[in-house]
4 protein chains.
Amino acid sequence: MINVTVWNENRHERREEAVGRRYPDGIHGAIAAGLAEHLGDRVRVRTAVLDDPEHGLTEKVLADTDVLTWWGHQAHEEVADEVVERVRARVLGGMGLLVLHSGHYSKIFRALMGTTCSVNWRDSGDRELVWTVDPAHPIAQGVPHPLVIDAQETYGEPFGIPQPDELVFVSSFSGGEVFRGGCCYRRGHGRVFYFSPGDQAYPVYHHPDVRRVLANAVLWAAPPGGVGDPPRNVHIPVGR
Amino acid sequence: MINVTVWNENRHERREEAVGRRYPDGIHGAIAAGLAEHLGDRVRVRTAVLDDPEHGLTEKVLADTDVLTWWGHQAHEEVADEVVERVRARVLGGMGLLVLHSGHYSKIFRALMGTTCSVNWRDSGDRELVWTVDPAHPIAQGVPHPLVIDAQETYGEPFGIPQPDELVFVSSFSGGEVFRGGCCYRRGHGRVFYFSPGDQAYPVYHHPDVRRVLANAVLWAAPPGGVGDPPRNVHIPVGR
Amino acid sequence: MINVTVWNENRHERREEAVGRRYPDGIHGAIAAGLAEHLGDRVRVRTAVLDDPEHGLTEKVLADTDVLTWWGHQAHEEVADEVVERVRARVLGGMGLLVLHSGHYSKIFRALMGTTCSVNWRDSGDRELVWTVDPAHPIAQGVPHPLVIDAQETYGEPFGIPQPDELVFVSSFSGGEVFRGGCCYRRGHGRVFYFSPGDQAYPVYHHPDVRRVLANAVLWAAPPGGVGDPPRNVHIPVGR
Amino acid sequence: MINVTVWNENRHERREEAVGRRYPDGIHGAIAAGLAEHLGDRVRVRTAVLDDPEHGLTEKVLADTDVLTWWGHQAHEEVADEVVERVRARVLGGMGLLVLHSGHYSKIFRALMGTTCSVNWRDSGDRELVWTVDPAHPIAQGVPHPLVIDAQETYGEPFGIPQPDELVFVSSFSGGEVFRGGCCYRRGHGRVFYFSPGDQAYPVYHHPDVRRVLANAVLWAAPPGGVGDPPRNVHIPVGR
C-alpha cells in the first residue's frame, strides 16, 4: 500500500469560472481520481491544498506520505519556507515526489535541483506530442508513442535543470518547440519525477494517457524500503 | 594545430547525379571546407573515403589524426572490421570522433555505443529545428536557437543509444517528431559527438550554422593531452 | 517468477583441485544456491557452462531467461562470437545481465560497454571493503556498510568503463586501491549490473552478503514488461 | 586571462596557533600561491575572507570573477544568505566554482546540489590516496596515480550528493574508507568542481600535486563564453 498525497495550489479553480468547470473537484481531485482509477487498492490517496493549515503538509501528514505530487502556478511564493524545507527533508529521506507542469518553478523543485528551472513558454493552445525516448523505463509502460494532447500550453527549451538521471519523455509542440518533459532524478534517498503536461487552462488531467503516466510514476517513485531521516554527517569512531 | 581526418563513404555523390551536383567535392569536401572556414590554421584537414586502400584509414593516417569525422549510409557493411577495430582503439586512446547523420548505423558508432543505435525515420523533406538544451556547452556557442534547416530527412525517437553523457541538441520536425540529435559521450580516453543533421539528399553541409556546430565539435573533441594507447589490464606489483 | 540462468566458464573448478574443493558444485552452483536461498520461489534458476553445446545458451534457453549471470576468466576467447551476439541481442531486448568479477573482460561485457573494460590487478589476498555510495539503491538494501571480504584479488582503478548510469558500490583494498565494483547500466531495453567481488581463488560466492547483493541485483535487473526484440530502424509512414 | 577569487573562512588560522603557523598567509594565501605558481599570467588571483565587508564578495567583485574557490568549515552559518544567493546566481550565469574539503557543508554547495552533502568523517591523520578514475579528464592531467597525502582527515561514503556528471577522483584512507573526492557538476551555465583533500590541520594546500589539481580545475571551470545572467523564464511571442 502506497500512501500518496496529492498537493495543489487550488487557486485557479476557485477564482476562474472556466477552470472551476474544467476541474470541479480541483486539479487535485482530477489527479487523485486518475491514480485511484489506475492503482486501485495499491494506493491510499489523500489531497492537500495551499490554503489548508500548514498547506495541509503537517509533520503528521508527511510522516504518512510515501509519494507526494505537486501542482502550483501563481502562488509559489505563498508556500512557507518552513514547509518547503520539511518536504525537502522528507524527499531526501526517501519520499517520492512528482512535480507537475508549472510546478517547475515551485520552491520545492528549485530547492532540490539547485538551478533556475526556468523555461521558455507560450500559451497558444498548441498540440503537444509526448515522445518516449526510453521505452523500457517503468514510467513509459503502456504509454502511446506519441502521447497526443490536443491543446496545451507550450514549454520550450532551454529548461534550466541539471542533466536528468534518466530522461523518459521529450515533447514537441505545433509551433516546433521541444521540451524535456519527463525527467527522473534521485536526490538523497528519494526519487523525483518532473512531468510537464498539465495546465489549468486545458483538461489534461482528465486525459487517460496522462493519468497512466502519473500512475506509473507513483509506482516508480515509491520508496521500496520506506522513508527515514535524511542523510547527515556521521562521526566515525577511531578504531572502527 | 589539430589534425582532422574527414571520412566519407562517397558513393551517393558518384552514383547519383543530383547528389553529385549538390556535393561536387563530395560530402567530405563540403565538411572539410566548413572546418577550414571556421578554424583556419587551427586545423590541418585531410579527407579519406571508403574506396581508398584500407578506406584511407591506415595506421599511419590514424596515428596522425586527432579528430575523425564519419559519414556513411548505404555501405556500412563494406567497412572492414579490421579498420573499425583500428579506429575504435584510436578513439579509446584519445582520438575525438564526430559521427554524422546516417553514421548512427555505422559499425564504428555501434561498436562504441554497444547498442543498436536504431532510429525511426521518414524522408519527406520536413523542416528541422535544432534546439539547444545546454546553452553553455562549448559545442553550442554561436549556434542560433533554433538552428533552422529548411528541408531534411526526419529522424525520430526512440534513438537506440545509451543515455548521453551530455545532451546538447534536440530536434523537432514538421511532422512533429523529436530526436536527440546532438549527443556527447566519453569512451576510454576519447570523446565522441553524434550530430544528426546532414543527408545526401539535402545541402545541409553547406549550411553555415551546421558548419559552426561541426567546427565547435572538433575543438571540443580534440584531446588536450594527445592520443596514446587504449587502456589495458595492468598488473600491480605486490608491495607497491 | 523470474527465470534466471547462471552461466559459468567452469574450468578452474575442474582443473585445479583447490578450486574444486572450494566450489564442489562449481562457481555456478554456489551462485545458484545463493539465489535460491534469498529468492526462493520468486525465481527459477538453471545453470549453463562453457562446455555445454552452444555454451548452454541456445536460442531456446535464452528465450526462457529473464536474467543471465556471467562468470568467466581464462577462456573468454573460447566463447563463440555467435553466442555473444545472441546474448547481446537478448539484453538489448530487455533481459537483465549480471557480469561478475573477471567477467569484466568477457566478450559480452566489452561488446555492451564499447570500451576496454580493463583494470589494474594484483593477487595478494587483500581484505576488500565494499562501501555503499548509494544507500537508497535497491541493490544495496540489507547490505552491510562496509561489506567485508577477508581475502580477495585486488582490482584497482582506472576501470575502463563508460561512466555508470548508477554507481552503487566502491571497494577499497588493504593495499589502498579503490575500485568502482558495483555499476549499473541500461543498454537498449535491458539492465546490466557489474559486481567485482568474486574469484575462483576465494570462497566469495559462499559469502552471505555477496549472495544478498546478487539476489537484489536479480530483482533489479528483471524486466518488468518481459523481453522482446532489440530495437531496430523503423520507417515512419508519411502522413502518420 | 582568468579572474580567480579565492575565498576563505579564515578563522582557524587566526584563532589556532598551529594552524596559523601552518598557513601563515591563511589557507587562501596558500591556495592563491599554488594557482599563481602553476598558471602564472593566465590568471589574476585575488582573495576574500568571511570577515571582509559582505564577506569580500560584493557585486563588483563577483562581476569581475570567472572562477571562485570556496573553503569554509566552522562558520558556514555566518555566511549571509544574501551573499550565498548572489554567488549562486553568478554560478548559474556561468562562473566556475571550486568547493574545497569541508566546504561540502557550505550553504553555497548545498544550495547548488539540493541535497544534504553530508559525509562520514574521522580525524585520525590517515594517509589518503587519491586515485584517478577518469585519466583523460582535463583535471587529472599531470596528477600522479595515486596522489599520496601522508596525513589527512578521513572522509567516507556515503557522500550525500547527486550523482556527479563526471567523477574524476576517488580516495581511500588507511582505515579503509573510500570517498568520491573529485566530482564535476554543471549547474545552469556554470561548472562546479568539488575536491575533498585539504584541512586546516594538515599542510595539504602546500602539496604540489594538490596545487596541480586546483590549477587544472580552474582552467576546466573557467567559462569559455564569459559569465552572463542566470537563465530565467522567457515568454515566446506567438507567431515566432
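Trainee: Which residues of chain A form one aromatic cluster?

Mentor: The model is a predicted one, and over all chains it holds 33 aromatic pairs. Within chain A, one cluster is formed by A:Phe109, A:Tyr155, A:Phe159, A:Phe179 and A:Tyr194.

Trainee: How far from the centre of the ring of A:Tyr105 is the charged end of A:Arg110?

Mentor: A charge counts as sitting over a ring when CZ of Arg is within 6 Å of the ring centre and within 35 degrees of the ring normal. In chain C, the charged end of C:Arg110 sits over the ring of C:Tyr105, 4.8 Å from its centre. In chain A, the charged end of A:Arg110 sits over the ring of A:Tyr105, and its distance from the centre is 4.7 Å.

Trainee: By what turn can chain A be laid on chain C?

Mentor: Two copies of a chain are related by a rotation about an axis and a shift along it. For chain A laid on chain C, the RMSD is 0.0 Å and the shift along the axis is 0.0 Å, with a turn of 180°. That is the relation of a two-fold axis. The same surface serves both copies, as 100% of the contact residues of chain A recur in chain C; the turn asked for is 180°.

Trainee: Which residue of chain A comes closest to that rotation axis?

Mentor: The comparison is made on C-alpha atoms. At 3.8 Å from the axis, the residue of chain A that comes closest is A:Asp165.

Trainee: What area do chain A and chain C bury between them?

Mentor: The contact takes 12 residues from chain A and 12 residues from chain C. Carbon and sulfur atoms account for 51% of the buried area. Between chain A and chain C, that area is about 1100 Å².

Trainee: Which residue forms a salt bridge with A:Asp134?

Mentor: Two salt bridges are counted between chain A and chain C. The side of chain A that touches chain C has five nonpolar, two polar and five charged residues. For A:Asp134, the closest N and O atoms are 2.6 Å apart, and the partner is C:Arg186.

Trainee: Which residue of chain D has the C-alpha nearest the axis that relates chain D to chain A?

Mentor: Chain D can be laid on chain A by a turn of 180° and a shift of 0.0 Å along the axis, with an RMSD of 0.0 Å. The C-alpha of chain D nearest this axis is 2.6 Å from it and belongs to D:Gly114.

Trainee: Which three residues supply 22% of the area that chain D buries against chain A?

Mentor: In this contact, 33 residues of chain D meet 33 residues of chain A. The area buried between chain D and chain A is about 2600 Å², 53% of it from carbon and sulfur atoms. Supplying more than any other three residues, those that give 22% of chain D's share are D:Trp121, D:Asn233 and D:Ile236.

Trainee: How many residue pairs are in polar contact across the interface of chain D and chain A?

Mentor: The copies meet through the same surface, because 97% of the interface residues of chain D are also interface residues in chain A. Across this interface there are zero salt bridges. The number of residue pairs in polar contact, both at pLDDT 80 or more, is 12.

Conventions: Residues numbered from 1 in each chain as written. Chains lettered and ligands numbered in written order. Predicted model: local features only at pLDDT ≥ 70, side-chain atom pairs only at ≥ 80, totals over all residues. Heavy atoms only, no water. Least-squares fit on C-alpha atoms with pLDDT ≥ 70 in both. Contact = heavy atoms within 4.5 Å. Buried area = accessible area lost by both parts, 1.4 Å probe. Salt bridge = Lys/Arg side-chain N within 4 Å of Asp/Glu carboxyl O. Nonpolar A, V, L, I, M, F, W, Y, C, P; charged D, E, K, R; others polar. Phe/Tyr/Trp six-rings, centres within 6.5 Å; stacked < 30°, edge-to-face > 60°. Polar contact = N/O pair within 3.5 Å; in protein donor to acceptor, adjacent residues only side chain to side chain.
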